[in-house]
Amino acid sequence: DTDNKILDKKAYKSAIPLCHDFNLITRSPDTLNLIVGFNTGQIQLINVVKYEIVTNYNESRNIDNSKITCIKWIPGKENLFIAAYCSGNVYTYDDNLACSNGPITYSVVKESENFSVYSSKNKLQQRNPVYKWTIGKGSVNDMAFSPDCRHLATVNQDGFMRVIDYDSSTIISCMKSYFGGLLCVAWSSDGKYVATGGEDDLVSVWSFNEGVVIARCDGHRSWVNAVAFDPYTVFVTNTDDASFSGSEDEVNINCNRNHSNDNENSNVLSYRIGSVGQDTQFMLWDIGEDILTSGKYKKQLQTTTNIESNSNATSRASINDLKIDGISDFTHKSDSTSSNAKIDHHHNNNSNNNNVNNNTNDNNTTTTTNNNNNANSNSYLKASPHLSKSNSFLKDKPEKEKKEKKDKWDKRFGTGRKKHPFGKIHPQKEKVENKVSTQPTVQYHCPTITDVPLVEPIVVRKIARERITSLTFTEDCITCASQDGQITIWIRPNVHAGIGHYFEINKDNISTL
């Protein structure tokens with residue numbers, strides 16, 4: 001039916017709907033639940049079949065008053081859905097529970113630097129929200145469940161894509177954007193790859209099994225707002241034909257995630273990805289055998305490091321370098337560290353004197369030795385910058401002048417360990433080592449632009465006058481929506497004759513589809 005007839009329409013005066021999702025598990029002839037998230041932080045549950053509003057959540061905005069960026073029904077759960085907010089929090093709601101009217105008290109379930117889990121505790125009865133997640137820094141811009149419903153991928157304004165094991169509420173892997181925040185995320189139909197887009201104008205393809213970026217798609221001229229895998233177009237290449245000149249069969253796949261890196265069949269799958277952005281362009285990309293089997297991404301740095309040994313080495317080195325005990329302590333210190341420093345200083349002075357004597361012979365030699373003098377003095381200043389400069393007057397000067405300058409220094413900065421221009425720089429080495437965590441941590445390295453292959457688009461088309469905000473692949477068509485209220489639909493060639501058409505809905509802002 002292409003008569004562009006609108007079945008139902010609802011206008012909002014004081015709030016703007018930003019995202020929505022249908023509950024396909026509980027759908028029936030008389031029920032089709034739709035949840036809508038607004039810029040005010042409120043959520044509305046609507047039964048589309050009966051044209052009625054079932055209930056409102058966060059109506060008093062006491063849970064979170066920032067705008068909702070993404071909302072999803074939890075796969076396999078009939079009554080649970082999650083909502084991501086611009087504040088960086090993700091809340092779990094139960095559509096059978098009412099929301100708390102007053103202040104909400106949370107108990108800590110799991111807490112870390114970039115991911116924390118809280119549960120709401122109410123002495124009388126359980127109320128919404130059921131759980132609260134704090135993920136990363138900045139807004140949670142988008143999230144997507146894996147096909148096996150076990151993992152949740154989220155993208156934040158801090159530039160990280162995080163994969164969370166939903167049942168255990170644990171981050172199992174991360175990816176860093178090339179630049180800026182990430183705005184959209186999507187899983188492949190077999191759960192092996194994740195595609196992201198964001199403020200770096202790139203579409204990054206990340207391998208879930210390998211934990212690395214395998215390709216970047218370069219072509220957009222502005223931020224990428226939406227990205228999606230086409231689950232209905234997967235090219236199967238005949239491995240016996242090395243020239244890739246054989247025909248390509250279009251098949252419909254619906255496979256589960258396989259932990260093995262080997263393909264189930266001898267054929268190599270080529271994934272198709274679509275993306276739209278603020279440059280008003282729609283693009284298609286093919287990730288084929290040359291990228292999936294190249295192995296170039298395996299040259300990336302390992303992401304897991306043990307911080308214990310590195311931190312101890314750094315702490316000891318920094319403590320030795322900054323071990324400054326004031327002028328009185330420095331001049332009377334007799335330990336091995338200060339003795340070695342004095343010997344090194346005496347050696348440097350001797351070398352300086354020899355260089356100065358040689359300077360009288362040749363001008364070129366003068367320049368070289370002066371540079372050597374500076375290098376030698378700078379190498380000593382690195383160990384104790386202020387004391388080296390301040391104690392330079394202690395040599396070859398009358399005793400009276402030494403005492404006057406030392407008294408002036410003590411009057412300005414204090415004596416001994418009481419006060420120093422560097423502040424508190426006398427930490428005990430034992431205390432620093434005790435503060436170092438023995439738990440292994442994970443450091444995430446973003447691969448450079450030359451570490452992974454760059455993919456060019458196979459289709460580039462300007463389809464709107466305003467920025468495009470949504471992209472959806474269905475079995476018979478491809479649908480896009482833009483901020484000027486235009487919805488563009490392309491019919492697949494093998495389904496129906498035609499090159500595509502579009503219709504407009506009252507010039508309203510369409511943020512998601």
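Colleague: What makes tyrosine 271 count as buried?

Modeller: In this predicted model, tyrosine 271 has a relative accessible area of 6%, and because buried means under 20%, tyrosine 271 is called buried.

Colleague: Is phenylalanine 229 buried or exposed, and how do you know?

Modeller: Phenylalanine 229 has a relative accessible area of 9%, and since the cut-off for buried is under 20%, phenylalanine 229 is buried as well.

Colleague: Why is the pair of phenylalanine 229 and tyrosine 271 called edge-to-face?

Modeller: The ring centres of phenylalanine 229 and tyrosine 271 are 6.2 Å apart, and rings pair if their centres lie within 6.5 Å; the planes stand at 85 degrees, and because planes over 60 degrees apart count as edge-to-face, the pair takes that name.

Colleague: What makes you say that this pair links distant parts of the chain?

Modeller: Phenylalanine 229 belongs to strand E19 (residues 224-229), whereas tyrosine 271 belongs to strand E22 (residues 268-277), and the two are 42 residues apart.

Colleague: How many aromatic pairs does the structure hold?

Modeller: The structure holds 14 aromatic pairs, and one of them joins tyrosine 12 and phenylalanine 38, with 4.9 Å from centre to centre and 70 degrees between the planes. The centres therefore meet the limit of within 6.5 Å, and the angle falls in the range over 60 degrees, which makes this pair edge-to-face. Tyrosine 12 lies in the segment before strand E1 (17-22) and phenylalanine 38 in strand E2 (residues 33-38), 26 residues apart.

Colleague: Why is tyrosine 12 called partly exposed?

Modeller: Tyrosine 12 has a relative accessible area of 26%, and because partly exposed covers the values between the buried limit of under 20% and the exposed limit of over 50%, tyrosine 12 is partly exposed.

Colleague: What makes lysine 132 lie over the face of tyrosine 106?

Modeller: Lysine 132 is at 5.0 Å from the ring centre of tyrosine 106, and the distance limit for a charge over a ring is within 6 Å, with a further limit of within 35 degrees of the ring normal. Lysine 176 likewise lies over the face of phenylalanine 160, at 5.6 Å from the ring centre.

Technical notes:
Residues are numbered from 1 along each chain as its sequence is written. This is a predicted model: local features need pLDDT of at least 70, side-chain atom pairs count only at pLDDT 80 or more; totals for chains, interfaces and linings use all residues. Side-chain values use heavy atoms; hydrogens and water are left out. Rings of Phe, Tyr and Trp (its six-membered ring) pair if their centres lie within 6.5 Å; planes under 30 degrees apart count as stacked, over 60 as edge-to-face and the rest as tilted. Helices (H or I, at least four residues) and strands (E, at least two) are DSSP runs, numbered from the N terminus. Buried means under 20% relative accessible area, exposed over 50%, partly exposed in between (1.4 Å probe, protein chains only).
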